[in-house]
Amino acid sequence: MTEPVTTPADVIREAGALRRSLEAGFREEVVSSIYGEVERVSRRAVNDQGSRTLELDQQIDRIVTSRLFGLPLMLLILAVVFWLTIVGANVPSAMLASALFAVEDWAAAWFTSRGSPDWLTGFLWHGVFRGLAWVVSVMLPPMAIFFPLFTILEDLGYLPRVAFNLDYLFKRAGAHGKQALSMTMGFGCNAAGVIATRVIDSPRERLVAILTNNFVPCNGRFPTLIMLATVFVAAAFPPAVASFVAAGSVVAIVVLGVIFTLGVSWVLSRTILRGEASAFTLELPPYRRPGILRILYTSIIDRTLFVLWRAIQTAAPAGAVIWLLANISVGGTNLATHVSSALNPLGRAIGLDGVILLTYIIAIPANEIVVPTMLMIYMAQGMMTELESLDALRRLLVDQHGWTMLTAVNLMLFSLLHNPCATTIITIYKETLSGKWAAIGALLPLALAFGVTFLTATVARWLF
Amino acid sequence: MAIAILLSLVAFAVLLPTYGVAAQWRVYRSGLARERTENALKHLLRQATDGHSASFRSLKGELGLSDRELLSLAERLELEGLIHSDGTHLKLTTDGERLALHVLRAHRLWEVYLAEELGVPVDRVHAQAERQEHRLNPQQLDRLSAAMGHPDIDPHGDPIPGPDGVVPEAPGTVLSAWPLSTPARIVHLEDEPPLAFAQLIAEGLKLGQVVRVIERTPSRLVLSDGENEFRLAPMLAANVHVVAASSEPARALDGVLPLSDLPSGAAADIVALDPHLKGFARRRLLDLGFTPGARVRSELQPFSGDPRAYRLRGTTIALRREQSDRVLVRALQPERSR
């Protein structure tokens, strides 16, 4: 007596035959029965404590997404975050800078006393180390304030509401509502923003989000914007309100960046990334009391130190390059001057100058070093510099190097729109695994930056 | 010296294996040859299915080749044992038919993938599938088919051949021959020629739609799905196939409305998901818990009016109008809603 043998192949064949007899709706039945089981289990195990928090949540939601308060509240929160970052970062930034520069002086002196040659001391301490010191002192305090604030908003559950509020704009641009999330992440770091686009499940809309992430200024670019806002805009106001005006003009630039994000998304959705806005589903989680310890941990370890570490990795070689450019002379003038005068005509055409363009070439690895590099070349002093006061800075730029309001405005625009830093480009490559998209991600903003600044420069010259 | 360097650079760029110009050119040529072969076989298969016989002339019209290219192509196909010719007529051999069915399967599976997983509009999938169909081997097709749950029909309703090369029978009667005022479900919209198909889509006809023919004259045919009327030229009606529909569409049932029309604050029970919603988008809604029978309440409306947030199974979920349109619900009476 032999049992009929059933082989795996038989089972598969049987399943294949039965599959055809399935009703079209069997997926619904499977999912429904899973949910039914889940509900049965949760009814038995979970004790519902009434719905007071739910009602509170609903009331908050109604205010946060309301016609009257929705948008103003968003802008206000954004302004407060920037204001706290600007005001709070000033003092620790100065303290860090003086401490690190003291280390530099001390170490350079020690090197010299041990008889090391000038070029070695200069290269290591005034080049590489000074580059590092700048980045750490300029970036660490604002990041240590900005990222925890950002994480608090995230933890509260406010960011999904922002995405909810802004979705209609992104939908019209042919993009995904969750692009608002990766965009806000970009304020911290564009590379992190590009990674954050993973929450978008449609490939087309994810690419749109990746390519436009650069249009919100990251932490590394805020120092430039803040400097310009303080020196050129806020200087016209009494000191009591200056910090508010500075924060306000930074918010204005940010809003402009959002407008560019939407505009470029719109154009991309109608040209190289043609397609309709796809499915959008977003869970609005209940509001939660933020866990302070967890926030400190995630924002300091995961974000601040991570971003700082990669900034250090790029700033050290950039510092070396700056030192070399400023200290190698050909025919009596240093390389930096040679290159910047070659770039000058192009720079003038877009309302900037050769030094600024050279700065942006040197600063491709890390946007944080834009301001110090620029000042260093202007002062032809041979190393990155910090000026004593904002007044001295204003005198240097306006009186000695012919800066005008146009230069300041165009530099702000250029800083907002220009190509992303090397880390972001590499991240785009890693996320898309395509050299083509990485190249577009780098060149599209660059072309836009040149186009827009050329336009404003031409219009300004024509008007005045 | 400079010239020598330049020359060696150019030589390098041309001869580099895989990335060099020469290697890329070879890849391009072999891809083109495969594409031509497969398009020729596909044409022969279509002619055979339609009961016509294929000839050099029809093949030439289909592929748009010069006489010389066509002759060398036919020679190569015959040499490879894919076709045989008796002077004027061309026929597929068994091997040729197997390969042609593979291409047909690839084409239709690609169409399903593009339409249902990537959300490409249904009038654009054909052109894209024409390019993609030459890129997969049978094993890859099996995996694609399995990943989508072995679909039986493509987005136009054409049957998809199985891995064994068996083409399921296409059901349905042509709409022009359907009796008046008998409910019919659309099972096939012919996608060739593309212009006629685009017109059918523009009229608003969809696969799975239940319609009745309410008027037929020599110059036109009028359909109704209970809400809208569709006017078709008799030529277009010949491109639509239908079967007898067992029931009226769910939307026409009493008190059923799309979730997007549910007033703010009102509660409802989900009746069904729109059958036209397929693939990824449908799975996403199901995964979120939008299953038939679930209780849902319209909760939040932002200043823009869209998207809206719905309370479902203890969570709040925002949907754009395009999604909430696809969830059919029956509103509860206010006193029962909470």
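**Notebook: domains, chain contact and helix pairs**

I looked up the domain assignment of chain B, which gives domain 1 (15–92), domain 2 (173–244) and domain 3 (252–336). I note at once that this is a predicted model. Taken over C-alpha atoms, the centres of domain 1 of chain B and domain 2 of chain B are 36 Å apart.

**Entry: chain A against chain B**

I asked how many residues each chain puts into the contact. Chain A gives 36 residues and chain B gives 39 residues. I then looked up the area buried between chain A and chain B, and the value is about 3300 Å². Carbon and sulfur atoms give 55% of that area. On the side of chain A, the residues that lose the most area to chain B are A:Glu28, A:Tyr35 and A:Phe164. Together they account for 19% of what that side buries.

**Entry: α2(A) and α10(B)**

Next I took a helix pair that spans the two chains. Helix α2 (residues 26–45) of chain A packs against helix α10 (residues 279–288) of chain B at an angle of about 20°, and the axes are 9 Å apart. Angles under 35 degrees count as roughly parallel, so I wrote down α2(A) as roughly parallel to α10(B). Their crossing is right-handed. From α2(A), I listed A:Arg27, A:Glu28, A:Val31 and A:Tyr35; they meet B:Arg282, B:Arg283, B:Leu286, B:Asp287 and B:Leu288 of α10(B). By class, I find 4 nonpolar, no polar and 5 charged residues in this contact.

**Entry: α2(B) and α3(B)**

I moved to a pair inside chain B. The axes of helix α2 (residues 21–49) and helix α3 (residues 56–63) of chain B come within 10 Å and cross at roughly 125°. α2(B) and α3(B) are therefore oblique to each other. I recorded the crossing of α2(B) and α3(B) as right-handed. Among the contact residues are B:Arg36, B:His43 and B:Gln47 of α2(B), and B:Leu59 and B:Glu62 of α3(B). The contact of α2(B) with α3(B) has 3 nonpolar, 4 polar and 3 charged residues.

**Entry: α13(A) and α14(A)**

My last pair lies in chain A. Helix α13 (residues 335–349) and helix α14 (residues 354–362) of chain A have axes that come within 6 Å and cross at roughly 110°. α13(A) and α14(A) are therefore roughly perpendicular to each other. This crossing of α13(A) and α14(A) is right-handed. I noted residues of α13(A) including A:Val339, A:Leu343 and A:Leu346, which meet residues of α14(A) including A:Val355, A:Leu358 and A:Ile361. The classes here are 8 nonpolar, 4 polar and no charged residues.

Notes
Residues are numbered from 1 along each chain as its sequence is written. Chains are lettered from A and ligands numbered from 1 in the order in which they are written. This is a predicted model: local features need pLDDT of at least 70, side-chain atom pairs count only at pLDDT 80 or more; totals for chains, interfaces and linings use all residues. Side-chain values use heavy atoms; hydrogens and water are left out. Axes are lines fitted to C-alpha atoms, for helices over the stretch in contact, and angles run from 0 to 180 degrees between N-to-C directions. Helices (H or I, at least four residues) and strands (E, at least two) are DSSP runs, numbered from the N terminus. Angles under 35 degrees count as roughly parallel, over 145 as roughly antiparallel, 65 to 115 as roughly perpendicular and the rest as oblique. A crossing is left-handed if the near helix is turned anticlockwise from the far one by less than a right angle, and right-handed if clockwise. Contact means heavy atoms within 4.5 Å. Ala, Val, Leu, Ile, Met, Phe, Trp, Tyr, Cys and Pro count as nonpolar, Asp, Glu, Lys and Arg as charged, and the others, Gly among them, as polar. Domain bounds come from an automatic or database domain assignment. Buried area is the accessible area (1.4 Å probe) that two parts lose on being put together, summed over both.
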